[in-house]
Each structure stands twice: as structure tokens, then as C-alpha cells.
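Open your viewer and follow along. Each stop tells you what to select and what is there.

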Amino acid sequence: MDGSNLPEVRSTCAYCGVGCGVLLRPDGAGGLTVRGDPDHPANFGRLCSKGTALGETVGLEHRLLTPRAFGRDVGWDDALQLVADRFRETVATHGPDSVAFYVSGQLLTEDYYVANKLMKGFIGSANIDTNSRLCMASTVAGHKRAFGTDTVPGTYEDLDQADLVVLVGSNLAWCHPVLYQRVLAARQARGTRIVVIDPRRTASCDQADLHLALNPGSDVALFNRLLTRIHQDGHVQPDFLTRTEGFADALHAARRDDPATTGLTEAEIDAFCDLWIKTRRVVTVFSQGVNQSSCGTDKVNAILNCHLATGRIGHPGMGPFSVTGQPNAMGGREVGGLANTLACHLDIEDPDHRTAVQQFWQAPKMPERAGLKAVDMFRAVEAGRIKALWIIHTNPAATMPDADRVRRAITRCPFVVVSDITRQTDTARLAHVLLPATGWAEKDGTVTNSDRTISRQRAVLPPPGQARPDWQILSEVGRRMGFGPAFRYRSEAQIFREHARLSALAAALGKDFDISGLATLSDDEYATLPPTRWPVNGSASDGRFFGDGRFFHADGKARFVPVTHRRPAASPTRGYPFVLNTGRIRDQWHTMTRSGLSPRLSGHLAEPFLEIHPTDAERLGLRPADLVKVSNPTGRAVLRARITDTVGSGQVFAPIHWAGECASAARIDALVPAITDPISGQPESKAAKVDVQRLQADWYGFAVSIDPIQCDADYWATSVTAKGFRTELAGCASVGDWELTARRWFNLPEAEMISSVDAARGTFRLAFSISGQVKAALFIARTPVALMRDHIASLLDEEPGQVLSGLATRGKRDAGPIICACFGVGMKTILDAIQSGAVSSVEEIGAALQAGTNCGSCRPELADMMKRSVRATAEVVSD
Ligand SMILES: Nc1nc2c(c(=O)[nH]1)N[C@H]1C(S)=C(S)[C@@H](COP(=O)(O)OP(=O)(O)OC[C@H]3O[C@@H](n4cnc5c(=O)[nH]c(N)nc54)[C@H](O)[C@@H]3O)O[C@H]1N2
Ligand SMILES: Nc1nc2c(c(=O)[nH]1)N[C@H]1C(S)=C(S)[C@@H](COP(=O)(O)OP(=O)(O)OC[C@H]3O[C@@H](n4cnc5c(=O)[nH]c(N)nc54)[C@H](O)[C@@H]3O)O[C@H]1N2
Ligand code: SF4
Ligand SMILES: [Mo]
């Protein structure tokens, strides 16, 4: 069928909390094309590299297509009955707190609402927690302490209207690229200044007026200095102060802190304070460098204190702005997905709130206390107190701190259910029961983005195999557990209306989250619901909170919270001299179950790595492209060293994305101890202490193959290419017979082989072909293999001769690692253009090579390449 006539359908991107609108056009054959929705208020048509490549990720190869129980395919009826029976029996025998759900900020609001209702209202336990505990919990706690509610005060328009944007622990250019582009557009239009506060020099520093590379974990001391200066310089807003409590205590605490703790010079701190204080329209954007810390909640309040003191909140172009990570991190907070919250921003420990929700749900019993937070939940699993666990839409065996221990705990749990779209993940491997969910573009529902805008995700593809939407799976289990009437949902719209009705009750109890204006949407209106920012309650609003000085503590006032600097709980000690910082890369999403399917996205950074400062590398005897062992008492990893001064000496950085499915030992959370913030329970994911050593490899290898490689090398890391897979390899012991080994890894026992071997130098090049077409090739050397990797990957399925040479053939040049994912433009192509003098600006690179002209996500890297090249030239000239 020709899909070109199928209409475009509006939906929302599957990935980050920017919540960009997309227009999807199914091709009628299971695929779809994606473009930005010009009318969506989050992105006005823009998309980043990940959003642009969504169409490459909807294939069914890796999908879980049928329910499975104890290793066998089963029908839905059996699977659902088994889950319902085991949960019911466990509750009957051991009580409601013997079961738990661990869910996700990527669930749609409707799915999330049903999960929360089932656990808190009907099973009667609060043991439902979510990966948002690892993500937004410190912000939630900080907001509640200051505002009496978990509300993001501002809107995206504030980024357009600000004169200063401060990015604190946020790599906006890579993690919220479309918001970053809005900031850059504001810079063009009104000269908006940018300050980056991050121990690491990131892509977001590209256009920054000031980069403060503070010591890891020292943000409280910096913002305390700012608060002190705000007071000293007479910039406290007396009128606004009457709407708050606790300024004197906060100031007193702030004065006790020593700004030198930050490791910044006085000049740097003064420059930051001057700029902040003098610029009324200032938005302080913060993210995981703030939240994922053992003092994360205090960091949040240190920032909020400064905005409260100056009254710079809830007005155009100013305010603190926590940007959410996952597509529905905000929606999860609305439905009360965390173990210590109730639906619609109500509080589980408030008897009035509990009663209201119980009556509304007609629930048999409600928990009176908060349930187990993620880290404690998996500890309870380990201790045998949780006897049935349902994990939905998240991969904790890879992403929880102390991941090896979490994996062991799950293995020991008597009954584990995993709902996922992917057949094999680190967590799915451990499940007794696997339930196939419909994924993005196959399911309907809503998500709420960072600025409280509710957008529809819409189904445009048929559910594959037997997959069902998560809300249906949850409702069916609820019914089979005997909670029939409460879970007789027929549609997403019905769930949405129920949630909206409940929000009216919350509003009546004095809560901010009010979407009661949407409680009577018809099915058709729900189907066509345009992006809508809450509160939606009939009364007009400019979409911002707190500008009027009305807060949600009982007295209607905000609170300053006195905070003082605390060092990261895992500061360096003897034997573990490095602070391990972890985070994201531009083109991958979490454990890569979706983004890792796109060859374009996988071409940007194809291997797990550890960034380490040149002086540290030298001390450890590291050469470029060496492998390193990273270890501590919690666990270990093996990663490729990237020697770079973007990290400070004594600090190292590794990405979070490589799970057990894609690499031998790169699950970075295996190295992160489960130390948490005492208030929010959020883990300190960015300051583990580790040792780093060079891996003494006997051999290094590189392989390309049509089918996935099954290898047992000491080190391997694999990623997709347009034609198959590429794999980096290394081993610590010598291999006797490379041909035999390669045939086993590639599962090509019969294929023809041609080879080029220099055993004395340890060089082996083997290519395997069937019917004259290369199916796999392996390159082995004593040192890290230098090859034109992308070129070799492109030779799969071609005739074997040229593969072995490993060199570009005439007329074909190796483009190097992909920088522009949209047009597949490689680093070498760009560098050649720069060095030849053909281009001298990012715009000219775009004009000549197209790079950076579509989504723009690579523009910071293009600018950096440009800068470095200019610097290199200047150095040569001055020599
Ligand atoms: N490409 C991509 N985008 C994503 C995601 C993805 O997987 N890939 N995931 C989404 C999700 S769920 C989230 S939560 C967001 C996260 O978005 P971000 O928070 O922007 O991303 P991270 O890379 O985790 O961390 C941000 C920065 O915190 C810095 N940092 C570390 N320690 C400190 C510190 O003590 N102080 C300060 N000030 N900074 C510090 C790190 O060096 C890092 O650059 O991204 C979302 N967007
Ligand atoms: N060290 C360290 N650890 C971290 C972080 C860090 O910065 N550093 N960041 C933390 C943060 S902020 C986050 S948000 C987490 C993210 O960590 P996770 O949520 O564990 O990672 P994902 O890979 O997003 O897992 C989502 C899973 O849902 C599945 N899935 C996709 N669509 C659907 C669907 O429609 N239904 C169902 N049922 N399943 C689906 C995917 O196949 C995948 O297995 O990691 C946290 N861990
Ligand atoms: S910024 Fe990129 S990943 Fe985030 S919602 Fe927009 S297109 Fe998707
Ligand atoms: Mo996140």
C-alpha cells in the first residue's frame, strides 16, 4: 500500500520532557515518517536528532510480541490470571506491603493513573515508586518545602523572554535540545546571556558567557553566596518578602557557607553574582546535576531561595525552572506515582486528602503512610519482604544505583512481572512473566511536559503481535484481582476524565493541580485535544504560578529553607581517587532500547567511554583509545578512555546508556553506590568514587557483521549500522585460533573465509562471505585497531576483496564518526572542509555540507570543531 496518501497525525515525541509536537505519517507498511509540528507550542516545528530519527525505531525485530511465563509463550488469559492470582495470594498471605510496583515517568498519564489507583486504592499499599525517584524526586521535595506544592512556576515562553539563562547541572544542548535552541534564538533576538554551572565543559557551554566549573556537589555554597550578595547589594524585594517566611534564617545559614568550597575563583563567583543580580529577567534552569545528589533537595532550595528573595518568580522571563527528563515525568507527579504522594498533588499522609481520594475511588482501603522509595524498595526485595514485584516501562537492572545488587535482588524475588515493549533487556531477562505492551505511535494517551502542557500521544500504527496498552493490562489484572467496577475502563478518554474530575476535588482541598475544566471532554474532544497547559479550570490565567505571591502552604506563604553545603557523600578516599560523574549523550536515550535501533543515532558515539583529564591519563600511562578498568567496592566497568580537558583533573565522566545487552561491562550504575538524599530519597548518581586503571589487553579487535555477534571476549561493545552491527573487542588472554573463534562468534561455521595474517605482529584480518557477499569481518591487532570503521561497516554484503585492506577505496572517503545525524555527515568530512578553508562558520558548514541545517542538535559540536580548528591554526601561527 502506498502510504503517501495517508494523513499526517499529530502526536508527541517519545523522548524527553520538552514534549515536542510531531506529525506522523504512517507508510502503510509498518513504518512512518516524522516531522516537527509547526503548531505545537513547545517546539513550533523544531525537532532534535532523536525526534527526527523516530521513524527508524519502530521496527518489530526486538519487540516482545506475546506474553511469556516461565520461559514460554502463553496466551493473555493465562498470563493475566497468573499475575492476578499471585498478587492476590501474596497480599492475602503476607499483607499488602509484601507486593510492589516499580514504574516509569515514560508511562502515559492514563497508564500511570491506573497503576497508582490499583496499588494505593485497591491493593492498599503505597509500595509503588517510579524511576522518577532517580530523576525528579529532589525537585519535588524542594518545591514542596518552598511552595507547599510541587509546581513548576514558569513556562517555556520565559526562556524566550529572559535576559539571562543560568543552566545549573543541565546539559540542555544535548538533553533538551529544542529548549536550548529556544534559548539560542532568544540570544540572537535580545542578547540573552547564558551561564553554565557544571563541573564539566559540555556542549551547552558552546555559547555561554560564563562557565563555572565548580567542584562536584558544591552548588549550595555557590547559591548561598548569591543569596548573601543579593542581600548585601540591597536587591531583596521587601514586598515579596511579606509573602514568605524564613528569610533571616536562610540568610544566616547562607553566610556560614564558604564560597571557596566551590573551587571557583572570587572573580568567577563575583561575575556570576553581578550578572544574576543585575538582570531582573533571569531564569535558572536546573536538572540532574542538581537533583541527583545526596544534597539534591538542598540544592533545589538554595536556588529557589534566590528567586524568592528577589521576587523573580512567576513573571515573564524569570523564575526557577526545573526541566523534566522523561516525556511524562510531570504527568507522573500529577497522578501521584511516587511512593510518598497521592493522586492530583494530594498528600498520602493527610487524612482529609486520603479520605477524599478513597471516597472518590470507592476504594476498600488506603495506605496511611508513604511506601518504599526505589532504593528501599529493591532493598526490601533483596531482604525477601517484597514477594511479588511488577516492573513497568523501566529497566532498573541497568539504571538503579548499585545495579548488580539490584539485579541480584530481582533474581531472588519469588515472582517478578515485567511489562515492556522489548524482548530482551537487563530486567526483562529476570522476569517470571513478561507482558508485551504497545509502544509509542501504537498507543493513545496524554503526557505533560516541563511547562505543564498536556499533549496527546496518538496511535498511528497497529498494535504488533498481541501487544496491549499498559492501562489495559493493569485494568485487567485489577479486575481479575476482584476490583471489577473500579477498573472497567473502556478507553483512555474515560480514564482521563476520571483523573480530571479528581483534580476538581484536589483543587477544592486547596491544591494547585486543577484540570477540572477537562472533566467533561467527549471522546471526540479527547481525540482532538490540542496541547493544553494546566491549570485548566475555566478561569483565565497566563499559565504561571506565584507571581501574585500566593503559595500553597497553609498560610499561603512561601518558605525560605536554610541550607548549608554538604560534601557529596562519596567524596574521594584513598584507593578511589576519582569522582565518577555520569550522564547523557546527544543521540541516545537511556538504555538504548529505542534510540539504539537507529543507525544514524548510533553513529554519533558508538562505544561506551570514560572521559579523563590529560594529566590523569598521563599519570596512568594511558594512550588515546586505550581501554580502562573502572572499579570500586560497588562494582566495575570497562570503558574506552577519551582523554579530554572537558573534565577536570580528578574527575571522570561516563555515559549511562550502555546496558548489558550492548556491552560486556559498561552498566555504569554498577559503580554507583546507593547513597540517597535524606529528604527526597534520590540517589547520588553523579559523584561515585572510583579507581581507574589501564586494561592490559593482549589484543584489540573490531568486527562488522550482518547478524548480532555472540562473543565472550573480555571487552565488547556493539551498535547498529545501516547494514548490520559493528563491535569493538578486546581480550586479556591470547587466542589460539582466530578462525575458529570468529566462526563461533559470528555463527558462520560454513562461510567462506579469506584472511590476511601477520602472526608475528599479532595482526589478523578475517572476512567471511556467503555466495560472494561479506557477512562478517574481524580485525585483530596488538594495539587499538585503527581502521575506517564506517567505511568497513558499509562493505557488508559487498564482495569480500576490499574489506580486508581496511582502507577506503578510490573515490570513497571515510567520513569518520557521524556528527550530523540528520544528514549523516561525518567528523572527517567536516574537518576537511574547515581545514581546507572552504568554510569558516557553522552557517557555512551548513551551506556546504548540510550539517546542522535540519534539527540543529549538532550545531554546538560544529561550533566547537570550528573553534578548535581556529585555535590550532593560531597556535601554529604563533609558534
Ligand atoms: N540525549 C538524551 N536526552 C535526554 C535523555 C537521554 O537519555 N538522552 N534523558 C532525559 C532524562 S530522563 C533526563 S532526567 C534529562 C537529564 O538532563 P540533564 O540533567 O541535562 O543531563 P545529565 O547528563 O544527566 O546531567 C547534566 C549535567 O550535570 C552535571 N553535573 C554533575 N555533577 C554536578 C554538580 O555537582 N553540580 C552541577 N551544577 N552539575 C553537575 C554533569 O556534568 C552533566 O553535564 O535528560 C533527558 N533528555
Ligand atoms: N548513574 C546514573 N543512573 C541514572 C541516571 C544518571 O544520570 N546516572 N539517570 C536516572 C534517570 S534521570 C532516569 S529517568 C532513569 C532512566 O532509566 P530507565 O527508565 O530504567 O531506562 P529506559 O531505558 O528508559 O527504560 C525504559 C524501558 O521501557 C520500555 N518501554 C518502552 N516503551 C514502553 C511502553 O510503552 N510500555 C512499556 N511497558 N515499556 C516500554 C523500554 O523497552 C525500556 O526497557 O535512569 C536513572 N539512572
Ligand atoms: S527535544 Fe528532541 S527528544 Fe526532546 S521532545 Fe523534542 S524532539 Fe523529542
Ligand atoms: Mo530522568
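How many salt bridges are there between domain 2 and domain 3? The count is three, a salt bridge being a side-chain nitrogen of Lys or Arg within 4 Å of a carboxyl oxygen of Asp or Glu.

This is a predicted model: local features need pLDDT of at least 70, side-chain atom pairs count only at pLDDT 80 or more, and totals for chains, interfaces and linings use all residues. Residues are numbered from 1 along each chain as its sequence is written, and side-chain values use heavy atoms, with hydrogens and water left out.

**Stop one: the two domains.** Select 68-129 + 328-533 for domain 2, then 137-323 for domain 3. These bounds come from an automatic or database domain assignment. Their C-alpha centres lie 33 Å apart.

**Stop two: the interface.** Here 13 residues of domain 2 are in contact (heavy atoms within 4.5 Å) with 16 residues of domain 3. Now select Arg333, Ser450 and Arg452 in domain 2. They lose the most area to domain 3, together 42% of what that side buries. Buried area is the accessible area (1.4 Å probe) that two parts lose on being put together, summed over both.

**Stop three: one salt bridge.** Select aspartate 347 and lysine 144. Their closest N and O atoms are 3.2 Å apart.

**Stop four: the largest cavity.** Select Gln106, Asn131, Gln326, Trp589 and His590. Among the 39 lining residues (an atom within 4 Å of a cavity point), these lie nearest the centre. A cavity is a set of points on a 1 Å grid over the protein atoms alone where a 1.4 Å probe fits but cannot get out.

Note on methods. Chains are lettered from A and ligands numbered from 1 in the order in which they are written. On a 1 Å grid over the protein atoms alone, a cavity is a set of points where a 1.4 Å probe fits but cannot get out, and a pocket is an open set with protein on both sides within 12 Å along at least five of seven lines; lining residues have an atom within 4 Å of a point.
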